[in-house]
Amino acid sequence: MDTLLAIWNSVPEGIQTSLVIIIKIVAIVVPIMLSVAYLTLAERKVIGYIQVRIGPNRVGPRGLLQPIADGLKLLMKEVIVPSKANRFLFLGAPLLALAPALAAWAVIPFDDGMVLADINAGLLYILALTSLSVYGIIIAGWASNSKYALLGALRSAAQVVSYEIAMGFALVCVLMAAGSLNLGDIVRAQEGSLIHWFWLPLLPMFVVYFLSGVAETNRSPFDVAEGESEIVAGFHVEYSGMAFALFFLAEYANMILIAALTAIMFLGGWLSPFQGTFLEDIFSWVPGIVWLFAKMAVFLFLFLWFRATFPRYRYDQIMRLGWKIFIPLTIVWILVIGVAILAQIGPWFD
Amino acid sequence: MSIEPVLFYFFSAILIFASVLVIVVKNPIFAALFLILAFFTSAAIWLLLEAEFLAIVLVLVYVGAVMVLFLFVVMMLDINLGPLREGFIRYLPVGLIVAVLILIEMVIVVGPKNFGLEQIPAPVRHGAEYSNTEELGSILYTVYVYPFEIAAVILLVAIIAAISLTMRKRPQTKYQNPAQQVLVQRNDRVRLVKMKAEKTENNGK
């Protein structure tokens, strides 16, 4: 132990900090990848039970090793590049889809102070990175040299751009209410009790944000970008093997990210739901990160529940929901929040 | 040695490389992608200047929205490069004159006479507490409130103009009325008709 410490101290300071940052990144990315793997299993199990099936139960005890079997299978498969496809962009697109989904985790606070990069403009950074995830899809669609893929890419581009506006306006409400762009400060502004969390004063924004998040991740019922019934699989119809798996990783990592963001901005992040009640002391031993994960799990379950429940939206109805309902609603709510802050309506804005 | 100059030259090199390729590359999709790379690297350079708000907004607005629409349009267009190159030699002198004019203008405006370190002092390094977003906000809504509001009105006019240009009512187009669709009752759609059973003598023949 002492020798290890001595070796550590002999390392120059600049390299020391870089090493610490790299270790932190690994500590964030590896659990994300694991949860992505098990989210796919959870999805199949949950949807299975909703449809009165059992779901995967053959690999390992109760099917628990299924994601590993799937991963191995995808690793062994051949990556096929279509003829006349742009090879460089075709193979680069899955990376472009995955990288923003992982990079956004840099500013997510898991507990008070437990964050990789505690930057002031955290919320803006998140918005910027979530808006980048569409490039993977567009480039994949174009580079595949297939009309189904191109149609899927175009649908997805239009959809993501429209829902981003509603998402951005919903976040404007959050930053007005919290008075900060820093995600840690946003959580701290919700301290007090269950009532103090922003879900109550920002209730319409809470709904708009989460549904826009579902639309941004191209999840059912907004999954026209894939639309098996009309454009076979949309943007990833030509992909196979690991390149295809990367798209899946990106989609599920984005789902987890949206769940985390919704929990942080509207459900008080790492704060205990029993704050301000007599149960607070009883549950004070629970670390904040557990509460955050519990809240994220609720939203992730909603994602799966939506997929099992709703039929796919028609394209024009998606556009109508985004432009004619969500955006006006968010603009009105910005005014409402402005008035509420001016009037110092408690317990949020006093 | 500080790492900042290294980062600056690294990003500047990528920026110049990308911006040259934007105009040189043959495929318009690649041109758009290199423009995105150029936006990214200039955002990184702005970050070095502690202008994190501007840097992130550059990525958010230009990379996240404007370039998506650009790519969208470029993918839809069937750009035939042949006719575009036809008059290359003929228009070369005009192009060269314009290029030289722009170069002269740039030198006049941002040349060493007006833009050197002697004219403009080096930016002050701020501490970790400094928030570029807050500074920008407070200055925009106090000192520059009129230009800011006028810019907002101009943008609003542009939005309304764009919408009114594309709004064409076509009589033959059928529109949905979701409110009515939601209010639909069973009786509006289904009518139960009682019919007498047909006689059996024609059956089975």
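Hi everyone, let's start in helix H10 of chain A, where Phe248(A) and Tyr252(A) sit four residues apart, about one turn of the helix. Helices here are DSSP runs of H or I with at least four residues, numbered from the N terminus.

A word on the ground rules: this is a predicted model, so local features need pLDDT of at least 70 and side-chain atom pairs count only at pLDDT 80 or more, while totals for chains, interfaces and linings use all residues. Residues are numbered from 1 along each chain as its sequence is written, chains are lettered from A and ligands numbered from 1 in the order in which they are written, and side-chain values use heavy atoms, with hydrogens and water left out.

Back to the rings. A pair of aromatic rings is described by the distance of the centres and the angle of the planes. Rings of Phe, Tyr and Trp (its six-membered ring) pair if their centres lie within 6.5 Å; planes under 30 degrees apart are stacked, over 60 edge-to-face, and the rest tilted. By this rule there are 22 aromatic pairs over all chains. Phe248(A) and Tyr252(A) form a stacked one, at 5.6 Å centre to centre with 20° between the planes.

Are those two residues buried or exposed? Phe248(A) is partly exposed, with a relative accessible area of 32%, whereas Tyr252(A) is buried at 2%. Buried means under 20% relative accessible area, exposed over 50%, and partly exposed in between, using a 1.4 Å probe and protein chains only.

Ring pairs also link Phe206(A), Tyr209(A), Phe210(A), Phe266(A), Phe299(A), Phe303(A), Phe306(A) and Phe310(A) into a cluster.

Now the core. A nonpolar core is a set of buried Ala, Val, Leu, Ile, Met, Phe, Trp, Tyr and Cys residues joined through side-chain atoms within 4.5 Å. The largest has 120 residues, and Trp105(A), Tyr135(A), Leu183(A) and Met265(A) have the most contacts inside it. Which helix gives the most to this core? Helix H10 of chain A, residues 241-266, with 17 residues. Leaving out residues up to four places away in sequence, Met265(A) touches Leu123(A), Leu183(A) and Tyr209(A), among others; contact means heavy atoms within 4.5 Å.

Finally, chain B. The axes of helix H2 (residues 28-48) and helix H3 (residues 52-76) of chain B come within 9 Å and cross at roughly 175°. That makes H2(B) roughly antiparallel to H3(B), a label for angles over 145 degrees. Axes are lines fitted to C-alpha atoms over the stretch in contact, with angles from 0 to 180 degrees between N-to-C directions. Among the residues that meet are Trp46(B) in H2(B) and Tyr62(B) in H3(B). Thanks, everyone!

Key: Helices (H or I, at least four residues) and strands (E, at least two) are DSSP runs, numbered from the N terminus. Angles under 35 degrees count as roughly parallel, over 145 as roughly antiparallel, 65 to 115 as roughly perpendicular and the rest as oblique.
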